[in-house]
Amino acid sequence: MKNRNIVSILIGAVIVVIVLMLLFAFQVRYAQVAVVTTFGKPVHPAITQPGLYFKWPWPIQRVYKFDGRIQNLEDKFSENILHDNNNLILTVYAGWKISDAAAFYPKFAGSVPNAEVALEGMLRNAKSAVVSSNTLSAFVNPDPSQLRFEQMEQQIQDAVQAQLSTNNYGIQLVFLGFKKIELPQSVTQSVFDRMKGERQVIINSEKYEGQKEATIITSTANRIASETVNQAKATATQIMGEGQAKAAEVLPIFEKDPALANYLLRLDALQQALNQKTTLIFDERTPPFDLFTSIPTNAPSVAPAQ
Amino acid sequence: MERNVPKNALFNLALAIAVFIAALAVTSLVNSLAGEGAAIFLGIAFLVTLTSWFQMKLEENERLERLEVEELARTRGESALFESKDSEVFAARRSREQFDKFYIPGFAVLLFVIEALGAWFLWRSIDKSTTPIVDMRATASAALFGIFMLILFLVGRFSVTIARLQDNRLLRPSSSFVLAGAYVCLFTALAIAGVKAGFPRADVWVARAFSVVLGLIAAETLLTLLLEIYRPRVRGKISRPLYESRFVGILAQPESLLTTAAQTLDYQFGFKVSETWFFKLLKENLFMLLLVQFAVLLLSTCVVFVDAGEQGILEHFGKPIDVLDAGAHFKWPWPIDHVYRYRTEQIQSLYVGYQPDTNEEHVVLWTVPHNQEQNFLVATHVSTAVENETPEEGNVMEQALKAPPVSLITVSIPIQFEITNVMDWAYVNSDTTNLFASLATRQVVRYLAGEDIDELLSSGRFDAARLLQDRIQEDANAHQLGVKIVFVGLQDIHPPTPVAADYEKVIGAQQSKLAAILSAQADAIETNALSLAEAFTTTNLAAASRFQLEKSWYARAALFTNQIPAFEAAPSVYKQRAYYTMFADATKNNRKYILLVTNTQDVMVFDLQDKIRADLLNVNPE
């Protein structure tokens, strides 16, 4: 029974210690900053080192802890007019941190969302000012050296940081960058139309270029073919001439009896003519059909008139 | 004392409805979510007290009726009156039985529906709430809820004591709800005061807790309804009211937890579980057990197990003192030491320019929207194709000049990375993943803004992934993200969907061009080959003719030389023979008409036209 009581006392004591610790002590984590207020008045300086700290319990003292790390902020995706009257919709992201928690706490009632609202307002203001003094070619350019991203980002950051420092907001803007750039919807449609137009130019170029090249190839082939055939015909004529010349060498032989030669030539010509599928009509006087007139028949011959 | 019970129930009822209406009014003025929860709870309390009071009245009527009947029986002895049926004599009892049989289960079902709907409505209101608490009315509202709490607490506490002393089962539910209503009003007042004191989420937290409590009460009501079906019924044993919530009873009187548990077990099992040795042991040592459990819980925080692929940062009073690798580690108990774990070896992904579709498509086409892709601005040379056009094509030129010299492109870039420095990852930036996504997106925007779209769509993409990986890694290092990029892919880069079809047509046109050229080349090959063949044939034919000419004339000359002596020997016969030989030979296949003219006056007409076939099928093979 006694042991049980000791255990109970020990555990109870631990619980009491924990409760007291929760009331009188607080921890500040690494990368946290804390502001302690006594009856609502901040106690300077803010705590930036991690560790265990003591305080009077509420409502005498209160502890406000803030994230000391770099926090992200992204402003609204807003439309801006450029120096060359083009419009762009842009958003920037920014990294900011609480540089002086003691200054930060009273300015924004310890509320990070309140600080972000204020910071976003400054960001949009600076962004509009910087963007409107640049042209579209500073944002989009086929020559990367003409892009001015870094310069514009630095200008916006400097402008915002100047305001933060002047008013001692306890905030430091660590970095900033353009996250997204887009064209307004109506301009986007125009860009699409232009892109389609460019494609149509290329399509027609390809189409008629192909037809042109095909025609050239066909025409060249026809010319070469014609040249080849005509050359062959010329060669053939020449060969035939040579043949006739050669054949003419034997003509003097026919001069030995020109009448017979002519007669035989005529026979050759006639034979060639008759070789065709022709219909021939002869009368009885054509040799050898004249034989029909002199052949005796069984028919009674007409007695000659006495 | 017994007679005070119905009055007490009636007072509970009057108070419940009054506080319910008042809480509703205050809540609508101050826009408190916790107030909404309190109003819902008080509304349920009103219904329970109403039913409790009504049931109590019925039982009281039944009791009076029974006394009256007993009195009559004593004074008049046996009478025809008692020979009549029960339903005619005991009207009040009959009413009470009907009430128990039909109304109570029906009311319990209705109560469950209201509780469940109340929990759901409150939870949804918290998610959708955009109106903050009206600051100027916060103090007054908190004070009013404080007053509600005080009144409900006094009445509820008194009522609970009366119910316990008289063991009145019907007063118990209403008194529990009234007393629990007091605590609900207390927490509502604290929530509103918390908002006023600079804790804007206090109202939400309390409302969320109320929603959970309502859900638990609804679950309990449903469970009670189900158990009622299977509960063993002992004749003469009086049952608990179905609408009584043990959970609310515990909330109202936490000290009665064990008693309630014992009653519940006794009630459900039908014997005195609370008198068993185990239950008694548990009851006597409960505090000790709770303390030991707390101690064990505290001791369990001295050991931490870091899983494979994880790293943990060990903080001692908030100061990071070590990075723990996978395995078991000992540390000081909470709240001295604390370990924060990170999946350092896990390959993590982020996506630039798209969000992966959950409905995975098997075919991804440029012309079909997919993966919720975004458009990026990309540079374009004021189209060289357009520049080369003649002024007559003003339409295209006009269009080109109207739109800014930029194009749009869609890129899907998955980035895979792993955490290499957990300290940087955890402590330099508050939302490192989001910042990393912003940096990567910025680099992609920056890169595309300086690239020509046509080059990017062709050869440039191979260099782009490597270049982007280098640049994003540099940026990540500069911002101390503590990550190593293991992969950057340009898995899907194409013109936006509205113009994708036109880009595909270009490819079609290029193919058509190639097809036309190849067709012409094929024709040219045919033409050239045929011409060469024809030329060859022509020259060969000429050569053959020459050969024939030469040979035939030489042969004829030789023949002629031999014919001359034959001719000279018989000139006339030779010629005739030659003629008839030729004639017979030449005309042997020809059709011949021989006219033996006897009358020279006759005129013969020959139709020598070729005969035309009547039908091709009617071929006459002659």
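Two residues are taken to be in contact here if their C-beta atoms, placed from the backbone, lie within 7 Å. Everything below comes from a predicted model, in which local features need pLDDT of at least 70, side-chain atom pairs count only at pLDDT 80 or more, and totals for chains, interfaces and linings use all residues. Residues are numbered from 1 along each chain as its sequence is written, and chains are lettered from A and ligands numbered from 1 in the order in which they are written.

Start with chain B. Among its contacts between residues at least 6 apart in sequence, 76% join residues at least 24 apart. Chain B has 622 residues, of which 30% count as buried; a residue is buried if 20 or more other C-beta atoms lie within 10 Å of its own, exposed if 12 or fewer, and partly exposed in between, again with C-beta atoms placed from the backbone. Its secondary structure comes to 18 helices and eleven strands. Helices (H or I, at least four residues) and strands (E, at least two) are DSSP runs, numbered from the N terminus. Chain A has eight helices and ten strands, and 27% of its 306 residues count as buried. In chain A, 68% of the contacts with a separation of 6 or more are between residues 24 or more positions apart.

In chain A, three strands line up in the order β3-β2-β5 with antiparallel pairing, where strands pair if DSSP finds at least two bridges between them. Strands β3 (41-47) and β5 (61-67) of chain A sit at the edges with a single partner strand each, so one side of each has no neighbour in the sheet. On average, neighbouring strands of this sheet are turned by 25° against each other, direction ignored. Axes are lines fitted to C-alpha atoms, for helices over the stretch in contact, and angles run from 0 to 180 degrees between N-to-C directions. Helix α2 (residues 101-108) of chain A packs on the sheet and touches β2, β3 and β5 of chain A, its direction making about 145° with that of β3(A). Strand β2 (residues 32-38) of chain A pairs with β5(A) over seven bridges in the antiparallel sense, and A:A34 stands opposite A:K65 in β5(A).

Chain B has an open sheet of three strands in the order β3-β2-β5, with antiparallel pairing. Its edge strands, β3 (319-324) and β5 (337-342) of chain B, each pair on one side only. Strand β2 (residues 311-316) of chain B runs antiparallel to β3(B), joined by five bridges, with B:G312 opposite B:L324 in β3(B).

Also within chain B, helix α6 (residues 171-196) and helix α7 (residues 202-230) pack at an angle of about 155°, their axes 7 Å apart. That makes α6(B) roughly antiparallel to α7(B); angles over 145 degrees count as roughly antiparallel, under 35 as roughly parallel, 65 to 115 as roughly perpendicular and the rest as oblique. The residues involved include B:F187 and B:I192 of α6(B) and B:V206 and B:F210 of α7(B). By class, this contact has eight nonpolar, two polar and one charged residues. Ala, Val, Leu, Ile, Met, Phe, Trp, Tyr, Cys and Pro count as nonpolar, Asp, Glu, Lys and Arg as charged, and the others, Gly among them, as polar.

Now for where the chains meet. The contact takes 106 residues from chain A and 101 residues from chain B. Helix α5 (residues 185-248) of chain A gives the most to the side of chain A that touches chain B, with 44 residues. That side divides into 53 nonpolar, 29 polar and 24 charged residues.

One helix pair spans the two chains: the axes of α7 (residues 258-274) of chain A and α18 (residues 571-587) of chain B come within 9 Å and cross at roughly 15°. That makes α7(A) roughly parallel to α18(B). Among the residues that meet are A:Y263 and A:L267 in α7(A) and B:Y579 and B:M582 in α18(B). The residues of this helix contact divide into eight nonpolar, two polar and one charged.

The chains also share strand pairing. Strand β10 (residues 279-283) of chain A runs parallel to strand β11 (residues 591-595) of chain B, with five bridges joining them; A:L280 has B:K592 as its bridge partner in β11(B). Elsewhere, B:I564 lies in helix α17 (residues 497-569) of chain B. B:I564 is partly exposed, with 16 other C-beta atoms within 10 Å. Leaving aside neighbours within four places in sequence, B:I564 is in contact with A:K256, A:D257 and A:L260.
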